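Please walk me through this structure in a viewer, one selection at a time. I would like to know what to select next and what is there.

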Amino acid sequence: MMIEDLKVVLKVAEFRSITAAAHSLGMRIATASAAVKRVEQSLGGELFVRTTRQLRLSTAGEKYLPQCEQALLMLEQARQNIRADQGAIEGELRIAVSSDLGRNCLLPWVDEFMADHPGLSLRVNISDSNIDFYRDSVDMALRYGSPSDAGLYGFKICHVPTLLCATPAYLAQRGQPEHPQDLVSHNGLFYQLQDIPHDTWTFTRDDQQFKIKMSGDRMSNDGDLVRRWCVAGKGIAVKSCLDMADDLLSGRVVSVMPTYRSRTTELWLICPSRQSITPAMRLLRDHLQRKCAERLNALVEQNILPKDFLV
């Protein structure tokens, strides 16, 4: 069984189509079809259930292909380790990232990283939905919150406070809240995940906790859209300070009620397994840690974050 045939099979599984896989790989459809047949003949079973409209994985395929992908990743990792020992960092970075963090932070940071390592190529999956590493064909995901699946492996990038944000113009029109209870008269901008709106906001001060059920006229499952509404002065929002850093540092938005702290989360670079980690991924981790530290330090220097945040 040839490794190149296995790569074709994985691409067919990704697209659920031999034709689409062949186009993606730049080969003839007949060549891709022959590769699938050779693998199936070698295994003595069908990996796909074929219908008139599409392919879907068979029971055998569902069991075999994730293991096959892991095996190919290990071979690629071994190759990259050798190349790294020779001073070369190359290969494809396939990363998933949330919409706001991806568009406003990650992409310029990765551009800088790739300029330092021209042998790399990039594939980005931007989505606020949960990632399935096999289904979505990504090698790593940059996500808020530590990995909940014990089978995953991750690197913590940094702690990330969330801030209550609004534009000066919005506050001039609607008033400056001084206490969490004052927020009930404000227009909340909400993020929703799996149809669950994040419209109950929690704040702490002097060991006291305040939970406020907000109301508002805008809600989205896209975090970047919530940020855009906030910058446009449509309401008030609780957002990651990393997502809002450029807007906060430029004064387009301000931190509201800074003495009442919202929750602090963590930013993690998550991988499907320890074995899947390549030298390029480790270098990217280090680069992301540096860039996040720079941005958080800038927020502290402008008194947007408290100085004790870095302690």
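The tour below starts with the whole chain and then moves through selected helices, salt bridges and loops.

**The whole chain**

Begin with everything shown, and keep in mind that this is a predicted model. The protein chain has 311 residues, and 45% of them count as buried. Colour by secondary structure to see 9 helices and 14 strands. Along the principal axes, the C-alpha atoms fill a box of roughly 70 × 50 × 30 Å. Among contacts in the chain with a separation of 6 or more, 73% are between residues 24 or more positions apart.

**Helix 1**

Select residues 3-15, which make up helix 1. Show the side chains of Glu4 and Lys7, which form a salt bridge with 3.5 Å between the closest N and O atoms. Both residues belong to helix 1 and are 3 residues apart, about one turn of the helix. Glu4 counts as partly exposed because its relative accessibility is 46%. Lys7 is also partly exposed, at 41%.

**Helix 1 against helix 2**

Which residues in helix 1 and helix 2 meet? From helix 1 come Val8, Lys11, Val12 and Phe15, and from helix 2 come Ile18, Ala20, Ala21, Ser24 and Leu25. Sorted by class, this contact has 7 nonpolar, 1 polar and 1 charged residues.

Now select Arg16, in the loop between helix 1 and helix 2. Its phi is near 55°, a positive value in a residue other than glycine. Arg16 is partly exposed, with a relative accessibility of 34%.

**Helix 5 against helix 7**

Hide the previous selection and show helix 5, residues 99-116, with helix 7, residues 223-231. Here the packing angle is about 70° and the axes are 6 Å apart. Helix 5 and helix 7 are therefore roughly perpendicular to each other. Ser99, Asp100, Arg103 and Asn104 in helix 5 meet Gly223, Asp224 and Arg227 in helix 7. By class, the residues of this contact divide into no nonpolar, 3 polar and 4 charged.

**Salt bridges around helix 7**

A search of the whole structure finds 22 salt bridges. For one of these, select Asp222 and Arg103, whose side chains meet with 4.0 Å from N to O. Asp222 lies in the loop between strand 11 (218-220) and helix 7, while Arg103 is in helix 5, so the pair ties together parts that are 119 residues apart in sequence. Asp222 is partly exposed at 24% relative accessibility. Arg103 is partly exposed too, with a relative accessible area of 38%.

Next select Arg227 and Asp224, which form a salt bridge with the closest N and O atoms 3.2 Å apart. Arg227 and Asp224 are 3 residues apart in helix 7, or about one helical turn. Are these residues buried or exposed? Arg227 counts as buried, at 10% relative accessibility. Asp224 counts as buried as well, at 3%.

**Leu296 in helix 9**

Move on to helix 9, residues 279-301, and pick Leu296. Leu296 is buried, with a relative accessible area of 4%. What is Leu296 in contact with, leaving aside its neighbours within four places in sequence? The residues are Cys158, His159, Cys241, Leu242, Leu305 and Phe309. Phe309 is 13 residues from Leu296 along the chain, and the C-alpha atoms of the two are separated by 9.0 Å.

**Last stop: Asp207**

Finish with Asp207, in the loop between strand 9 (200-205) and strand 10 (208-213). Asp207 is not a glycine, although its phi is positive at about 65°. Asp207 is exposed, with a relative accessible area of 85%.

Conventions: Residues are numbered from 1 along each chain as its sequence is written. This is a predicted model: local features need pLDDT of at least 70, side-chain atom pairs count only at pLDDT 80 or more; totals for chains, interfaces and linings use all residues. Side-chain values use heavy atoms; hydrogens and water are left out. Helices (H or I, at least four residues) and strands (E, at least two) are DSSP runs, numbered from the N terminus. Buried means under 20% relative accessible area, exposed over 50%, partly exposed in between (1.4 Å probe, protein chains only). Contact means heavy atoms within 4.5 Å. Ala, Val, Leu, Ile, Met, Phe, Trp, Tyr, Cys and Pro count as nonpolar, Asp, Glu, Lys and Arg as charged, and the others, Gly among them, as polar. Axes are lines fitted to C-alpha atoms, for helices over the stretch in contact, and angles run from 0 to 180 degrees between N-to-C directions. Angles under 35 degrees count as roughly parallel, over 145 as roughly antiparallel, 65 to 115 as roughly perpendicular and the rest as oblique.
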